[in-house]
Amino acid sequence: MPAAQRLLAAGADREDLVRLARAAAYEAVFATLDELDAGGDANVMGVEGGWVVMESDEDGSPTGRTLPALHEDLLVMDPSGRDGADLWQ
């Protein structure tokens, strides 16, 4: 990314930039999953409907099993194996 290249050229620490990018990605995904977990938009009045995240089988048919609290599982899915512990150092 050109912005990252400029920051590195200006003397920014590469690990700090990587941590910043990871933290921003985490926050974006967490906010999205949290909204899905909420089951509806609390800011919209008069709307009775909502949504639920549901498991599907191999052919895409719903199994009837919901997938609640996805945002709570996000850190344990950290591919680095650090459970996000390094994001806010």
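**A negative surface patch in a predicted model**

Asp34, Glu35, Asp41, Glu72 and Asp73 gather in a patch of negative charge on the surface. The model is predicted, with local features requiring pLDDT of at least 70 and side-chain atom pairs pLDDT 80 or more, while totals for chains, interfaces and linings use all residues. Residues are numbered from 1 along each chain, and side-chain values use heavy atoms, without hydrogens and water.

Reader: What makes Asp34, Glu35, Asp41, Glu72 and Asp73 a patch of negative charge?
Author: Asp and Glu count as negative, and a patch of charge joins like charges within 9 Å, taking residues with over 30% relative accessible area and no salt bridge (a side-chain nitrogen of Lys or Arg within 4 Å of a carboxyl oxygen of Asp or Glu). Asp34, Glu35, Asp41, Glu72 and Asp73 form such a patch.

Reader: Which elements give two or more residues to the negative patch?
Author: They are α2 (14–38) and α3 (70–73), helices being DSSP runs of H or I with at least four residues. Both Asp34 and Glu35 have their place in helix α2.

Reader: Why is Asp34 called partly exposed?
Author: Buried means under 20% relative accessible area and exposed over 50%, with partly exposed in between (1.4 Å probe, protein chains only). Asp34 has 35% relative accessibility, and therefore counts as partly exposed. Glu35, at 38%, is likewise partly exposed.

Reader: What is Glu35 in contact with, leaving aside its neighbours within four places in sequence?
Author: Glu35 is in contact (heavy atoms within 4.5 Å) with Gly40, Asp41 and Trp51.

Reader: Why is helix α1 said to lie largely in the open?
Author: Of its 8 residues (2–9), the number buried is 0, so helix α1 lies largely in the open.

Definitions and conventions
Patch = residues over 30% accessible without salt bridge, like charges linked within 9 Å, V, L, I, M, F, W, Y side chains within 5 Å. Areas by Shrake-Rupley, 256 points an atom, 1.4 Å probe, with all protein chains shown as cover. Charge placed at Lys NZ, Arg CZ, Asp CG, Glu CD.
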